[in-house]
Amino acid sequence: MRVRQDIEQRAQRQAAIGAVYATLDRLERKGLVTSQLGEATPARGGRAKRFFSITASGVEALQDYRTTLQRMGALLPRSPTTR
Amino acid sequence: MFRLGGIYVALVATTLLIVGGLTLQSARNEAASQINAQMLALSRSFQYRVGDLASSQVASGQDVTTTIVSETVNFLENIPTSSGQIVYVSLKNGSSTFSPKANTSATASLERLVGNSGRRWLTVHPRRGDSMRVLRVPFQASDGSVRGTLTIGMPQSTLDIGLLKSLALGSGIALALAILIGLAWIRRVVASIQSLSSRIEPIRLERDPTASHARNLSPTHNHDLPPMLAEKLILLCTPPSQAQPLIGDLREEFSRFMLPQYGGRFARLWYWKQAFSSMPPLLQWRLTRFLYLGWLLDSVSRWLKGG
């Protein structure tokens, strides 16, 4: 839930819960994140919560991605300054 | 599971029994027609060879009865008879001749038919031994006068036992295969149903006011719960290992944020929206996991990167 809400707040776009879980599962299979089940709570209808945490290789992949994004962003023209 | 398996086994066994019975009956009819044709051919051969020879010898002045008897014996000694086949010739003067290979039980049954001038085709059931197909043909001399009766008998047991053995073997193998395949299939289907039931059961218990679990899980009313159909839809599309956390997340957000903030109607609409918008990625996720496409794509990309 928290992951999805974070995505929605930061990206200012809606994200379906199914798409978030599918992506997290793919990242987990690649070894970029790990997950573990928590305890079941009444508010969740007796269902356990899954906690995700980023791995070292996940952090590295994220940094690589950010560097690439910055390089690509440098090619974009600067926004015109107001006079 | 066991009840379903038992019903399946009973159905397969009954079907095989019916099919086997029909096949046996059809095979018996076919065999009977072959036996009839064989016996008819033998009777024609007898009429042709013995009748003509007797006529030619009578014309040369020999005694007709003596000639017929000697030619009959000669015919019976030389014809190739099948296993258990009996040829019995009785003449009007009381003399009779059996083929050399005839056994006493069968000949006794045939002897009882001598005085019977009724049906041409008969099926004899002796007190001991197997049933026998019998053909009785009046034996005529060349002048058209009836000189006696030719009786041909052939036991049906040998053919039936062979057919029964083949059918029993085939049916047994088919039955064993059908049971193995069917039980494996039933086990798989039942396991799927049980898996789905175990995932749906908490939802049902939660909504059932008589269930004791419901009070422990949530104190809310039914109209404050998310739509059950939408939950089932998500459960159907989600891989089983991930279904419970996903539904739990939706439930928590529904009850903690959406319901108090926007009310029941909007919260339920929001839940339906989540269900519908989650279906395409969930189905794709499930399909990918099923086909191991993710593993394949990862391997290919690693290979391309040289890793």
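This is a predicted model: local features need pLDDT of at least 70, side-chain atom pairs count only at pLDDT 80 or more; totals for chains, interfaces and linings use all residues.
The size of an interface is often given as the accessible area lost when the parts come together. For chain B and chain A, the buried area comes to about 2,400 Å², with 50% of it on carbon and sulfur atoms. Chain B brings 33 residues to the contact, and chain A brings 24 residues. Twelve residue pairs in polar contact were found across the interface of chain B and chain A, both residues of each pair being at pLDDT 80 or more. On the side of chain B that touches chain A, the elements that give two or more residues are α4 (157-207), α5 (212-217), α7 (240-262), α8 (264-291) and α9 (293-305) of chain B. Of these, α7(B) gives the largest share, 15 residues. By residue class, this side of chain B divides into twelve nonpolar, ten polar and eleven charged residues.

Side chains of opposite charge can pair when their charged atoms come close. Over all chains, a search of the whole structure finds nine salt bridges, and four salt bridges are found across the interface of chain B and chain A. A:Arg4 is paired in a salt bridge with B:Glu253, where the closest N and O atoms are 2.3 Å apart. Within chain A, A:Asp6 forms a salt bridge with A:Arg2, and the closest N and O atoms lie 3.7 Å apart. These two residues, A:Asp6 and A:Arg2, are separated by about one helical turn because they are four residues apart in helix α1 of chain A.

Rolling a probe the size of a water molecule over the atoms shows where empty space is left. The largest pocket holds about 1,200 Å³ of space. It is lined by 30 residues, of which A:Val3, A:Ile7, A:Leu24, A:Leu27 and A:Val33 are the closest to its centre. Two or more lining residues come from each of α1 (2-11), α2 (17-29), β2 (47-54) and α3 (56-74) of chain A. The largest share of the lining, seven residues, belongs to α2(A). In the lining of the largest pocket, 18 residues are nonpolar, four are polar and eight are charged.

Methods: Residues are numbered from 1 along each chain as its sequence is written. Chains are lettered from A and ligands numbered from 1 in the order in which they are written. Side-chain values use heavy atoms; hydrogens and water are left out. On a 1 Å grid over the protein atoms alone, a cavity is a set of points where a 1.4 Å probe fits but cannot get out, and a pocket is an open set with protein on both sides within 12 Å along at least five of seven lines; lining residues have an atom within 4 Å of a point. Grid points are joined across faces, edges and corners, and a volume is the space filled by probe spheres set on the points. Ala, Val, Leu, Ile, Met, Phe, Trp, Tyr, Cys and Pro count as nonpolar, Asp, Glu, Lys and Arg as charged, and the others, Gly among them, as polar. Contact means heavy atoms within 4.5 Å. Buried area is the accessible area (1.4 Å probe) that two parts lose on being put together, summed over both. A salt bridge is a side-chain nitrogen of Lys or Arg within 4 Å of a carboxyl oxygen of Asp or Glu. A polar contact is a pair of N or O atoms within 3.5 Å; within protein, one must be able to donate a hydrogen and the other to accept it, and residues adjacent in sequence count only if both atoms are side-chain atoms.
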